[in-house]
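Have the model open beside the text. The walk below goes through charged pairs, then a helix, then a surface patch.

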Amino acid sequence: MSEVSSSIRVREDMYAGWLSAAVYSAARLRVADHLADGPLGVDELAERTGTDAGSLYRLLRALAGAGYFREEEGRRFATTPLAGYLRSDTEDSVKDLVLFYGREVYRAYGALADAVRTGERAFDMEYGMPLWDYLNTVRDTGDAFRKGMGAATWTEQLPLPRTYSFDGIDTLVDVGGGTGSMLAAVLHEHPGMKGVLVEIPAGIDHTMRHFKEADVQDRVEVREGSAFDELPEGDAYLISCVLHAMDDEQSVRALRRMRESIRPGGRVIVLERIVPPGNEPGLARMLDLTMMLMNGGKERTEQEWRDLFTASGFRFTRAVEMPYFQGGAELYAIEGIPVED
């Protein structure tokens with residue numbers, strides 16, 4: 001790569017931060033929602049969004065150049081397929097994720113250098129409290145986080161039971177399973193299985209929407225609790241994208257809770273990313289930075305997962321690659337079985 005092209009690459013990487021801030025701003029102003037019924041002139045759109053028309057025009061013109069909106073004659077704007085993902089009323093919307101990433105995560109990344117210097121969590125430095133306390137204190141952000149991290153429908157989770165075999169499990173305990181979309185998908189594909197969802201009170205969907213839509217509500221029990229509490233007995237424990245928000249000591253505590261309650265011949269299934277070896281680009285490496293900044297967690301290599309299992313009383317057996325999130329998400333169903341005392 002020539003010196004000039006290297007410079008261009010650095011510039012383009014920096015420009016990417018500008019675009020993410022612009023997309024966040026459009027999501028926060030609900031521009032896509034206001035344009036859902038058809039194009040609008042920028043003056044009317046400014047009145048609906050409570051913004052300055054000249055500034056709004058420049059924001060939307062920039063986003064039109066990135067494919068998020070389309071400018072028409074007379075300073076009118078219309079949506080595009082990309083803008084549809086910023087709407088509030090679509091099943092495949094990522095608006096809530098954009099709202100969380102675009103403010104709290106974006107601000108934490110601004111303190112990355114200080115976090116590297118000190119070893120402290122950037123989020124705590126910026127907001128004066130840990131992430132989980134903040135999510136419970138600032139309700140709109142907490143709601144956006146929980147919605148953004150969850151699946152809109154249980155059918156989105158079908159790649160898991162159709163790729164990883166849950167055969168032979170009578171009772172599956174989903175630890176930190178949120179609103180239950182993943183457990184609903186597994187139970188749907190295994191009609192003879194029973195399920196227990198363990199989640200903290202703030203994360204439980206008492207409507208049991210996913211379970212009812214999957215027609216598995218009669219085979220599931222919902223219990224309040226966390227990965228650190230005593231867990232119900234089960235033949236297998238599923239914990240998805242929870243341990244990466246914990247450091248190693250916390251992760252061992254959580255896995256040991258499962259080891260204490262697991263039935264003979266059982267297994268633990270950890271749905272997480274594996275940081276690949278070498279220098280190939282991948283999402284896991286950047287998510288590892290995000291975990292470091294936000295809550296002190298980490299993404300792990302295969303050897304680190306093996307070590308974590310060993311310290312918790314499990315033996316690593318295999319890692320099954322998942323077809324979720326195309327584009328290098330390095331997501332796996334990481335399986336372990338208990339080591340007999």
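In this predicted model, Asp170 forms a salt bridge with Lys194, and their closest N and O atoms are 3.1 Å apart. This pair links distant parts of the chain, 24 residues apart. Asp170 sits in the loop between helix H11 (159–163) and strand E4 (171–175), while Lys194 belongs to strand E5 (residues 194–199). Asp170 is partly exposed at 34% relative accessibility. Lys194 is partly exposed too, at 38%.

The structure holds 24 salt bridges. Others lie within a helix. Asp13 pairs with Arg9, with 2.8 Å between the closest N and O atoms. The two are four residues apart in helix H1, so about one helical turn separates them. Glu260 bridges to Arg257 at 3.3 Å between the closest N and O atoms. Here the spacing is three residues in helix H14 (residues 248–261), again about one helical turn.

Glu260 is exposed, because its relative accessible area of 57% is over 50%. Arg257 is partly exposed at 27%. Elsewhere, salt bridges with shared partners join Asp248, Lys298, Arg300 and Glu304 into one network.

Now turn to helix H4 (residues 53–65). Its buried residues are Leu56, Tyr57, Leu59, Leu60 and Leu63. Down the axis of H4 they fall within an arc of 165°, so they line one face. The face turned away carries the exposed residues Arg58 and Gly65. Just after H4, Gly67 takes a positive phi of about 90°.

Last, the surface. Val10, Met14, Tyr15 and Trp18 make a nonpolar patch of about 490 Å². Val10 is found in helix H1 (residues 3–28) and is exposed at 52% relative accessibility.

Notes
Residues numbered from 1 in each chain as written. Predicted model: local features only at pLDDT ≥ 70, side-chain atom pairs only at ≥ 80, totals over all residues. Heavy atoms only, no water. Patch = residues over 30% accessible without salt bridge, like charges linked within 9 Å, V, L, I, M, F, W, Y side chains within 5 Å. Areas by Shrake-Rupley, 256 points an atom, 1.4 Å probe, with all protein chains shown as cover. Salt bridge = Lys/Arg side-chain N within 4 Å of Asp/Glu carboxyl O. Buried < 20%, exposed > 50% of the residue type's maximum accessible area, 1.4 Å probe, protein only. Arc of directions from axis to C-beta.
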